[in-house]
Amino acid sequence: MQQTKVTWHTRQRNAYLLGLAPSLVVLAALTLVPALALVITSLTPFSLTHPQTSFNFAHPLQNYQQLLHDDRFLHSLVTQIKLSLFSVFFQVLTGLLLALLLNGRTWILQGARTLLLIPMVLPPIIVALVWKIIYTPDISPLHQVLDRLGYPLDSLLANPSTALWAIAVADVWQWFPFTMLMVLAALQMIPNEPQEAASLDGARPFNIFRFIVFPYLKPVLAVCVLFRLIDSFKAFPLIYVLTDGGPGSVTEVTNYYGFIQAFNFSWWGYGSAIAVVILVGVFVLSWLIGQAGWNNDYKTT
């Protein structure tokens, strides 16, 4: 009897593996093969102007050693960190506050939630064009209103002190609905009994949120931070359309610098090394955030 049971489970596992095999093959072809090609290219000085260097592995770590002494690359890392921290923090904060404000079942709140989801479903290039219009003084409704109120505003994109933060505001506007949607879904799953009991005992709304609601939201917020942090490294359309990395190199984040090296200067080996560094950095940050979020969740439960 026991032997029959083991055989059945074995057949079931084999059936699952056979069913997953086509998807795994396609996934490997679409992800692992390009990633492997990226790593291999990063170990060569490959350039389109010198095709013979495509398989030159005489100095495989040359590109990575050069990155350590590339001031422009190091500056792009600092710029990327600033943009990611600012945008992710305010995306999560804005989404959380709006989710708490719009958590209800009335038709007004449902309509407001639907309208606030519009930025997230727009193509990134459309979002970039919208904010290009907003930030261009000659045609911007924002600049025209401020001019009539007596508060003229210079171009935010042309000012080195504000260009990066202008991009961050556009990024926050596009992606705060993601956090709002995730938190709203989590709020719908929170039981009402503990909140009602705390309210009857005289607990203040802030304490109810802090000690009852927030522990339920912590895993969801960790997922939101993780997803948005990964996507913050892909803010290429906004930078390409709004500033083209300028003024100077103020808004030149790491992936944009890699794009310049690969496609403007044809240094594909060096650009691939930059992409590998970004990939490794994203994996490390994702692991750290995941460990912090889920470990803390298990400790609280």
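Start by selecting helices α8 and α10: in this predicted model, they cross in a right-handed way. To find them, pick residues 163-189 for α8 and residues 205-232 for α10. Their axes come within 10 Å and cross at roughly 150°. Anything over 145 degrees counts as roughly antiparallel, so that is the label for α8 relative to α10.

Next, show the side chains where these two helices touch. On α8, click through W175, F178, T179, M182, V183, A186 and L187. On α10, the partners are V213, L217, V220, L221, V223, C224, F227 and R228. Colour them by type and you'll get 13 nonpolar residues, one polar and one charged.

Is R228 buried or exposed? R228 is buried, at 2% relative accessible area, while D231 is partly exposed at 24%.

K234 is exposed, at 53% relative accessibility. Shared partners link R228, D231 and K234 into one salt-bridge network.

Last stop: select R72 and E252. Their side chains meet in a salt bridge at 2.7 Å, N to O. R72 belongs to helix α3 and E252 to the loop between α11 and α12, so this pair ties together parts 180 residues apart in sequence. R72 is partly exposed at 36%, but E252 is buried at 2%. The salt-bridge count for the model is three.

Methods
Residues are numbered from 1 along each chain as its sequence is written. This is a predicted model: local features need pLDDT of at least 70, side-chain atom pairs count only at pLDDT 80 or more; totals for chains, interfaces and linings use all residues. Side-chain values use heavy atoms; hydrogens and water are left out. Axes are lines fitted to C-alpha atoms, for helices over the stretch in contact, and angles run from 0 to 180 degrees between N-to-C directions. Helices (H or I, at least four residues) and strands (E, at least two) are DSSP runs, numbered from the N terminus. Angles under 35 degrees count as roughly parallel, over 145 as roughly antiparallel, 65 to 115 as roughly perpendicular and the rest as oblique. A crossing is left-handed if the near helix is turned anticlockwise from the far one by less than a right angle, and right-handed if clockwise. Contact means heavy atoms within 4.5 Å. Ala, Val, Leu, Ile, Met, Phe, Trp, Tyr, Cys and Pro count as nonpolar, Asp, Glu, Lys and Arg as charged, and the others, Gly among them, as polar. A salt bridge is a side-chain nitrogen of Lys or Arg within 4 Å of a carboxyl oxygen of Asp or Glu. Buried means under 20% relative accessible area, exposed over 50%, partly exposed in between (1.4 Å probe, protein chains only).
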